[in-house]
Amino acid sequence: MAVASTSSRVTPLTQADPVILVADSIDMRFATPEGDVTALDNVSFDVASGEFLAVIGPSGCGKSTLFNIIGGLLTGYGGRVTVAGETISGPHRSIGMVFQEESTFPWRNVIDNVAFPLEIAGVPRRERLERARHFVSMVGLDGFEKRYPAELSGGMRQRVSMARTLASKPKILLMDEPFAALDEQTRLLLGDKVLQIQQQLKQTMLLITHNITEAVQLADRILVMTYRPGRMKRIVDIKLPRPRTSEIVSSEAFGRYVAQIWSDLREEASRGMNDDESRALHAHDHKPQGHGA
Amino acid sequence: MSTAAFTERRWAPPLVGFGSAVLALVAVEILVRVGLINRFIVPLPSEVAESFARVITEEDILRRFLQTGWECLASGLLLTVFGVLIGVFMHRLPLFRRACETWVAAFASAPLVLAYPLFLVLFGRSALTIIMLAFLSGLPPVILKTLEGLLATRRVLLNVGRSFKLTPTQQFWKILFPSALPTIFVGIRLGLIFALINVVGVEFLINFGGLGHLINELAERYDLPGVYAAICFVILVSVIFFMVTERAERWLKSVG
């Protein structure tokens, strides 16, 4: 099996899969006390319906900025984002977001958390609870409907967040390192759950991550980003068979993909680390020194 | 039954609480009887227990209890409504918040009760004086805690709301308010404590109204057991209000 085919721009999975999301020449600059920082520079890609795209890069490459731009939470960027041909200028009903931080509502139990978007949409209580139960079951939380987030583990809470977003029936599920805070085993098992859901719903998914294993396990394609400014370095097609499970991580092809992406990322991660160290050193040098005796 | 099994029982905490109170009273009784505590300052708990019947039958306790309770309720409602509204207003207007937050905090520590002559001039020797003083004394913690609760709402929860395209009104009622609710109720409880202290204190000072007035009368008669019995009724008012706020908080959480 070939390790990977790479391209500079994403193309749809097959001719039959229409493009649903287009990010076109995205630029983003932030003003900081040290001057303007370019977070994203000319990032362009598209995502086909039903596709799973992972965006990977070292810390500081603008992944979360990209997540917020596509989700419509950030404005003031250059370029444009279109969903099913419609240019977005804010949060869009077609895009559901799962956040990195714990985002369940602590005052609502599992079923009421999941039913939240249906409640906002004005769905009658009985119907929305019924529909919410379906999504609770889909993420494997049967029996926990009446539990509050404080009674659940971190992984379970993230599944509640995912079920809540899925309940809004988004065309695109946008996830920002949803399992970053979890241990490796839980992360692999939740990856299985995500794969299962994607297959069941034919859900278009866009995952922002810094975890190479997670990206290869889940994605059809991986967009590798450079360290600041965040540019597209490469797009890697993951030609591992579907349906997949976490067992794929022990395969030789999986290891080759991981190695290839790491070789792309290594240079970027090193740059990021050097940058962090030089900034820490710089900050230390500018600290007022104590007077010796 | 093992200690661990006992601890798990539902009735264990109230039983231990009641037992502790009884033990403390027995200890005070012994200390007073052996003369380690002056009985002209602290009466025997057994005398206080005996005086309950007298206070109830001879001192029109029900009317006084209801009077203090009503004044507390009125000031409690006022400080909840105005405190939360002002807190929300300050949250919505950052300039107003930055301009006034320190003043409100300073107002919280001001001994407002000393201004009672001014209130007597404004509202007369009436329940309104007591209610207004109690309301104003309890207002700052409600404002400050409402503000704190709203400001402490995690950004990610607001972003969830934005991602679901909530309107500003929905964002407030579905996310900001329920998220701030526990802190708001801390403020309301603090406000009620201040209000109750001021209700009883002003009743005592202006010799008008309910339990504070009764405590003043009993103290002037040097009926110390009666004074302590009346104080127990003040505590009862406090307990009732705390139970009500707890219920209200639970109800609001369930509909949030």
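## Report on chains A and B of a predicted model

B:Ser137 is buried, at a relative accessible area of 9%. Buried means under 20% relative accessible area, exposed means over 50%, and partly exposed lies in between (1.4 Å probe, protein chains only). This is a predicted model, in which local features need pLDDT of at least 70 and side-chain atom pairs count only at pLDDT 80 or more, while totals for chains, interfaces and linings use all residues. Residues are numbered from 1 along each chain as its sequence is written, chains are lettered from A in the order in which they are written, and side-chain values use heavy atoms, with hydrogens and water left out.

**Around B:Ser137.** In chain B, helix α7 (residues 127-151) holds B:Ser137. Helices (H or I, at least four residues) and strands (E, at least two) are DSSP runs, numbered from the N terminus. Leaving aside residues up to four places away in sequence, B:Ser137 touches B:Leu112, B:Phe194 and B:Asn198. Contact here means heavy atoms within 4.5 Å. With B:Asn198 there is also a polar contact between the two side chains, at 3.3 Å. A polar contact is a pair of N or O atoms within 3.5 Å; within protein, one must be able to donate a hydrogen and the other to accept it, and residues adjacent in sequence count only if both atoms are side-chain atoms.

**Chain A as a whole.** Chain A contains 8 helices and 11 strands. Its radius of gyration is 20 Å, close to the 19 Å that the globule rule gives for 293 residues, so chain A is as compact as a globular protein of that length. The radius is taken over C-alpha atoms, and the rule is 2.2 Å times the number of residues to the power 0.38. Along its principal axes, the C-alpha trace of chain A spans about 70 × 55 × 40 Å. Of the 293 residues in chain A, 51% are buried. Among contacts between residues at least 6 apart in sequence in chain A, 71% join residues at least 24 apart.

**A:Pro106.** The loop between β7 (95-98) and α2 (110-114) of chain A is the place of A:Pro106. This proline is partly exposed, with a relative accessible area of 47%. A:Pro106 and A:Ala150 are 44 residues apart along the chain, yet their C-alpha atoms are separated by 6.8 Å. Not counting residues up to four places away in sequence, A:Pro106 touches A:Tyr148, A:Pro149 and B:Leu157.

| Cis peptide bond | Omega |
|---|---|
| A:Arg228 to A:Pro229 | about -5 degrees |
| A:Arg242 to A:Pro243 | near 0 degrees |

A:Pro229 lies in the loop between β10 (221-225) and β11 (232-237) of chain A. A:Pro243 is in the loop between β11 and α8 (252-285) of chain A.

Positive phi angles come next. A:Ala84 has a phi near 50 degrees, a positive value in a residue other than glycine. In chain A, the loop between β5 (78-83) and β6 (86-87) contains A:Ala84, and A:Ala84 is partly exposed at 48% relative accessible area. In chain B, B:Asp60 is not a glycine but has a positive phi of about 55 degrees. B:Asp60 lies in the loop between α3 (45-58) and α4 (61-92), and its relative accessibility of 39% makes it count as partly exposed.
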